[in-house]
Amino acid sequence: MSKTLVAYFSYSGNAKKAAALVADTIGADTYEIVPAVPYDADYQKCVDEARKEKADNARPAIAGADAEVSAYDRIALVFPNWCSTCPMIILSFVEKYDLSGKTIDVIVTNGGGGVGNSQADIAASAKGATVNTAVNGNDLTADKVKEIFGL
Ligand SMILES: Cc1cc2nc3c(=O)[nH]c(=O)nc-3n(C[C@H](O)[C@H](O)[C@H](O)COP(=O)(O)O)c2cc1C
């Protein structure tokens, strides 16, 4: 049976909530992607930091214990749309592990910009993985989660 890890990054709580709904609905483990250097609590300063990371094509460091990704064949990435794509720390996560042969789901909370370029940007970093069509994570429901995961 396919085993899924829900790996999430959240700045203001929306993606965290969506990740919890996914994990609860499909009975998956979760892993929080925590930045080694926290983003500024001030929203505008955080936007400035995120813009700079994107312009620099940065790979910000991840704090804490590694995820045991080898134990899973499907990874659901849940995160906010930042600057029309994923936060750069999502690419740090994707490039840190060998995800070849795994299936990646992309679930994106956003402020109206939808999933942006996140799917293509993750696919470019996740060598050998199959990246499913990105899903808008706003207004996620258990039924929608079941549909995504074929339950
Ligand atoms: C640094 C930053 C950049 C953002 N850029 C975008 C964007 O380009 N498009 C968009 O629709 N929303 C953008 N947002 C809004 C977030 O995607 C939205 O509020 C999301 O639900 C936040 O999820 P979170 O609570 O898990 O952090 C941005 C928010 C931040 C903090």
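**Ground rules.** I worked on a predicted model, in which local features need pLDDT of at least 70 and side-chain atom pairs count only at pLDDT 80 or more, while totals for chains, interfaces and linings use all residues. I number residues from 1 along each chain as its sequence is written, and side-chain values use heavy atoms, with hydrogens and water left out.

**Cores.** I began with the nonpolar cores, each being a set of buried Ala, Val, Leu, Ile, Met, Phe, Trp, Tyr and Cys residues joined through side-chain atoms within 4.5 Å; buried means under 20% relative accessible area, exposed over 50%, and partly exposed in between, with a 1.4 Å probe and protein chains only. The largest nonpolar core has 33 residues, and Leu 77, Phe 93 and Ile 122 are those with the most contacts inside it. At least two residues of this core come from each of β1 (4-8), α2, β3, α3 (88-96) and β4 (103-109), where helices (H or I, at least four residues) and strands (E, at least two) are DSSP runs numbered from the N terminus. I noted that α3 gives the largest share of this core, six residues. For Leu 77 I looked up the contacts (heavy atoms within 4.5 Å): leaving aside neighbours within four places in sequence, the partners of Leu 77 include Phe 93, Val 94, Ile 104, Val 106 and Ile 122. There is also a second, separate core of 17 residues, and Val 78, Ile 107, Val 135 and Ile 148 are among them.

**Val 131.** Apart from neighbours within four places in sequence, Val 131 is in contact with Ile 104, Val 106, Gln 119, Ile 122 and Ala 123.

**Pocket and cavity.** Both were found on a 1 Å grid over the protein atoms alone: a cavity is a set of points where a 1.4 Å probe fits but cannot get out, a pocket is an open set with protein on both sides within 12 Å along at least five of seven lines, and lining residues have an atom within 4 Å of a point. The largest pocket has a volume of about 350 Å³, and of its 18 lining residues, Tyr 43, Pro 80, Asn 81, Trp 82 and Gly 111 are the closest to its centre. The largest share of that lining, four residues, comes from α2. The largest cavity has a volume of about 30 Å³ and is lined by Ala 50, Glu 53, Lys 54, Trp 82, Cys 83, Cys 86, Pro 87 and Met 88. Helix α2 (residues 43-55) gives the largest share of this lining, three residues.

**Positive phi.** I then checked two residues that are not glycine. Asn 57, in the loop between α2 and β3 (74-80), has a positive phi of about 50°, and Asn 57 is partly exposed at a relative accessible area of 48%. Asp 139, in the loop between β6 (135-136) and α5 (142-148), has a positive phi near 60°, and Asp 139 is exposed at 74% relative accessible area.

Note on methods. Grid points are joined across faces, edges and corners, and a volume is the space filled by probe spheres set on the points.
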